[in-house]
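Me: I am new to this structure and would like a close look at a single part of it, the aromatic rings and what surrounds them. Please set that part in the context of the whole chain.

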Amino acid sequence: MPRVGLTQDRVIKEAERIADETGLSRLTLAAVADRLGVRQPSLYKHIEGMDGLQRSISIRAKHELANVLARAAVGRERGDAITAISHAYRAWAQQHPGRYSAVQRPPAPGDSDDPASEAAMQVLVDVLTAYRLRDEDAIDAIRALRSTLHGFITLEAAGSFALPADIDRSFQRLVQALITAVEHWTEQSAHTGQPA
């Protein structure tokens, strides 16, 4: 019988805290069990091993990030919306580094129970509709936004920005450059021979 007070939600929440404190790659079932004051086998009544636990963390993190981005975008459009979601994305990643790593986990092939992977993407799609980007133009712009923000966040978290310039200022200029690029996205398609 499961330990009184121990639930799947409690196990996952504790695992999320550990992941944010020590890093997702260092998360172990032994650490979760120790923090909850139970023996490791007790966890298996609530989760499907480490892979199941990481999947649950990933799905919950994707939902949380999508909600954060959606709230940031409310009432804003075009450059203001891109600025708001970019800053919200970075702040959430800084506050939840373990969960941010979990967001990067793609759903397993055939995992129809992971609709969360599309949630944050939909926020970006909605923001870019103001620019009338369609089809491959929209996909390219979303990839550019995601990879640029992820690259900055990852380098910052690793302590790779050692030069004396203000990091927040650099991030703001990066976001402004992204906005400028998106505003001229279809023009870039014309120069690369792609249909606008």
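Reply: From the N terminus on, the elements run α-α-α-α-α-α-α-α-α-α. That is ten helices and zero strands, in a model that is predicted. Along the principal axes, the C-alpha atoms fill a box of roughly 65 × 45 × 30 Å. Of the 196 residues in the protein, 41% are buried.

Now the rings. The structure holds three aromatic pairs. One of them joins Y89 and Y100, in an edge-to-face arrangement with 5.6 Å from centre to centre and 90° between the planes. The pair counts as edge-to-face because its planes are over 60 degrees apart. Y89 belongs to helix α5 (residues 78-95) and Y100 to helix α6 (residues 97-103), so this pair ties together parts that are eleven residues apart in sequence. Both tyrosines, Y89 and Y100, are buried.

Phenylalanines form a further group: ring pairs link F152, F161 and F171 into a cluster. A charge is found beside one of these rings, since the charged end of R90 sits over the ring of F171, at 4.7 Å from the ring centre, which is within the 6 Å limit used for such a contact.

Helix α5, which holds Y89, also contains R78. The phi of R78 is positive, about 50°, although R78 is not a glycine. Most residues other than glycine have a negative phi. R78 has a relative accessible area of 33% and is therefore partly exposed.

Just after α4, G75 takes a positive phi of about 75°.

The loop between α3 (40-43) and α4 contains I47. With a relative accessibility of 6%, I47 counts as buried, because the cut-off for that is under 20%. Computed along the sequence I47 and I12 are 35 residues apart, yet their C-alpha atoms are 8.4 Å apart in space.

Two packed helices are described by the angle between their axes and the distance between the axes. Helix α1 (residues 8-22) packs with helix α2 (residues 29-36) at an angle of about 115°, and their axes are 10 Å apart. α1 and α2 are therefore roughly perpendicular to each other, and α1 passes α2 in a right-handed crossing.

For helix α7 (residues 116-128) and helix α8 (residues 135-157), the angle is about 120° and the axes are 10 Å apart. The crossing of α7 past α8 is right-handed.

The loop between α7 and α8 holds R132. R132 has a phi near 55°, a positive value in a residue other than glycine. With a relative accessible area of 67%, R132 is exposed, whereas R78 is partly exposed.

Notes. Residues are numbered from 1 along each chain as its sequence is written. This is a predicted model: local features need pLDDT of at least 70, side-chain atom pairs count only at pLDDT 80 or more; totals for chains, interfaces and linings use all residues. Side-chain values use heavy atoms; hydrogens and water are left out. Rings of Phe, Tyr and Trp (its six-membered ring) pair if their centres lie within 6.5 Å; planes under 30 degrees apart count as stacked, over 60 as edge-to-face and the rest as tilted. Helices (H or I, at least four residues) and strands (E, at least two) are DSSP runs, numbered from the N terminus. Buried means under 20% relative accessible area, exposed over 50%, partly exposed in between (1.4 Å probe, protein chains only). A charge sits over a ring if NZ of Lys or CZ of Arg is within 6 Å of the ring centre and within 35 degrees of the ring normal. Axes are lines fitted to C-alpha atoms, for helices over the stretch in contact, and angles run from 0 to 180 degrees between N-to-C directions. Angles under 35 degrees count as roughly parallel, over 145 as roughly antiparallel, 65 to 115 as roughly perpendicular and the rest as oblique. A crossing is left-handed if the near helix is turned anticlockwise from the far one by less than a right angle, and right-handed if clockwise.
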